[in-house]
Each structure stands twice: as structure tokens, then as C-alpha cells.
Amino acid sequence: MKKYVSDIKKVLLGQLQGYQNLFSLLTRERESLVDFDEQAVEQLSKEKDTLILKLRLLEDERIRLVKRLTSEICLRPPELQITGASDDKTMPADFNLAKLAELTGDNEFMEIRASLKSLLQSLEELNSFNRVLIDRSLSYVQNNLNLLNSLGSAQSKKDKIGMFLTREA
């Protein structure tokens with residue numbers, strides 16, 4: 001059991017670090033959006049995709065470890081069981097970090113929980129703000145594109161008229 005608890009902590013700390021890195025990337029993205037630096041936004045988008053993939057892998061590993069831990073300690077009353085993923089094991093539906101801290105007597109899980117919760121709320125706020133900036137940037141680009149199209153259309157009509165007049169002369 002101690003091995004699983006230690007491994008779960010490592011994964012949770014890895015997730016915490018990953019979310020801190022994501023927060024840093026979103027902060028840099030916000031700065032790039034404000035500066036209209038599209039190359040930096042594109043690069044940051046690639047970095048975010050890679051980081052999110054790593055976070056998904058960590059989450060899958062966390063779920064696998066928790067399933068093994070709960071099956072080892074026989075914490076599976078029928079009313080709390082949910083079907084597992086590919087390994088078809090079960091884990092309690094309401095098993096969370098607070099329960100894990102209670103079960104193991106390790107308050108570090110509560111500290112990790114509080115850090116994750118705070119960081120995830122900050123990420124949500126920053127992501128919402130960036131979404132507003134992206135929408136504004138898209139609107140700005142669309143307005144400029146419309147302006148250029150309207151000028152381009154008027155210019156092409158003048159060219160055709162000028163060409164037509166030149167032929168007549």
C-alpha cells in the first residue's frame with residue numbers, strides 16, 4: 001500500500017508541476033495576444049498541446065494507481081463501484097484526495113489538493129481572459145480583412161474602367 005501511496009504522490013506532484021507550467025504558458029500567451037505576436041502564439045500553442053498530452057498521461061497513471069490501491073485495500077462496497085477503463089477494475093465513485101488523506105493519515109494529500117484546486121481556478125480565469133483576447137483579435141483581423149476586401153473590390157473596378165477607357169481611346 002505504501003508503494004501505491006508514494007507513487008500517487010509523485011504523480012500528483014507531477015500534475016501540479018504540469019499545471020504550473022500550463023499557467024506560465026497561458027500567461028505568456030496572454031502577453032503575445034496583447035502584443036499581436038502571432039508567431040509566439042503559434043509556438044505557445046504547440047507547447048500547450050505537448051504539455052496537455054503529458055498531463056493526460058499523468059491523469060491516466062493516477063487513475064490506474066488509485067484503482068490498484070483501492071482494490072488492494074478492498075474499499076469497494078457495491079454501491080460505490082464504477083466500471084474501470086481497459087483493465088475492467090473498479091474504484092469507488094467518490095474516491096478523492098480528501099478520502100485518500102483520511103485513509104492514509106497523510107495530510108500532504110490535502111495540501112496537494114488545495115494547491116491543485118487553487119491553481120485550476122487560476123487556470124480557468126486566465127484561460128477565459130485569453131479567450132476574450134483571442135475573440136477580439138479575430139474580430140480585429142476580420143474587420144481589417146473586410147476593409148481590405150472592400151478597397152480591393154473598388155480598386156479592381158477602377159482598373160477595369162480604366163482599362164476599358166484605354167481601349168476606346
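This is a predicted model: local features need pLDDT of at least 70, side-chain atom pairs count only at pLDDT 80 or more; totals for chains, interfaces and linings use all residues.
Trainee: Which pattern does the protein follow along the sequence?
Mentor: The protein has four helices and two strands. Both are DSSP runs numbered from the N terminus, helices being H or I of at least four residues and strands E of at least two. Read along the sequence, the pattern is α-α-β-β-α-α.

Trainee: What percentage of the residues in the protein is buried?
Mentor: Buried means under 20% relative accessible area, exposed means over 50%, and partly exposed lies in between, with a 1.4 Å probe and protein chains only. Of the 169 residues in the protein, the buried share is 28%.

Trainee: Are α1 and α2 roughly parallel or roughly antiparallel?
Mentor: Helix α1 covers residues 2–34 and helix α2 covers residues 38–72; they pack at an angle of about 160 degrees, with axes 9 Å apart. Axes are lines fitted to C-alpha atoms, for helices over the stretch in contact, and angles run from 0 to 180 degrees between N-to-C directions. Angles under 35 degrees count as roughly parallel, over 145 as roughly antiparallel, 65 to 115 as roughly perpendicular and the rest as oblique. The angle therefore makes α1, relative to α2, roughly antiparallel.

Trainee: How many nonpolar residues are in the contact of α1 with α2?
Mentor: Ala, Val, Leu, Ile, Met, Phe, Trp, Tyr, Cys and Pro count as nonpolar, Asp, Glu, Lys and Arg as charged, and the others, Gly among them, as polar. The contact has ten charged and five polar residues, and its nonpolar residues number 19.

Trainee: How much space lies in the largest pocket?
Mentor: On a 1 Å grid over the protein atoms alone, a pocket is an open set of points where a 1.4 Å probe fits, with protein on both sides within 12 Å along at least five of seven lines; lining residues have an atom within 4 Å of a point. Grid points are joined across faces, edges and corners, and a volume is the space filled by probe spheres set on the points. For the largest pocket this gives about 300 Å³.

Trainee: Which element gives the largest share of the lining of the largest pocket?
Mentor: Of the 15 lining residues, the closest to the centre are Leu12, Glu59, Arg62, Leu97 and Leu116. By class, the lining has nine nonpolar, two polar and four charged residues. Two or more residues come from each of α1, α2, α3 (97–104) and α4 (108–168). The largest share, four residues, comes from α4.

Trainee: What is the volume of the second largest pocket?
Mentor: The lining of this pocket includes Ser32, Phe36, Val41 and Tyr140. Its residues divide into seven nonpolar, two polar and two charged, and the largest share, five residues, comes from α4. The volume is about 210 Å³.

Trainee: What is the phi of Phe36?
Mentor: Phe36 sits in the loop between α1 and α2. At 48% relative accessibility, Phe36 counts as partly exposed. Most residues other than glycine have a negative phi. Phe36 is not a glycine, yet its phi is positive, at about 55 degrees.

Trainee: How far apart in space are Arg28 and Val41, C-alpha to C-alpha?
Mentor: Arg28 belongs to helix α1 and is partly exposed at 37% relative accessibility. Along the sequence, Arg28 and Val41 are 13 residues apart; in space, C-alpha to C-alpha, they are separated by 8.5 Å.

Trainee: Which residue lies 9.3 Å from Ser45 in space, C-alpha to C-alpha?
Mentor: Ser45 is in helix α2, where it is partly exposed with a relative accessible area of 29%. The residue 19 positions apart from Ser45 in sequence and 9.3 Å apart in space, C-alpha to C-alpha, is Leu26.

Definitions and conventions. Residues are numbered from 1 along each chain as its sequence is written. Side-chain values use heavy atoms; hydrogens and water are left out.
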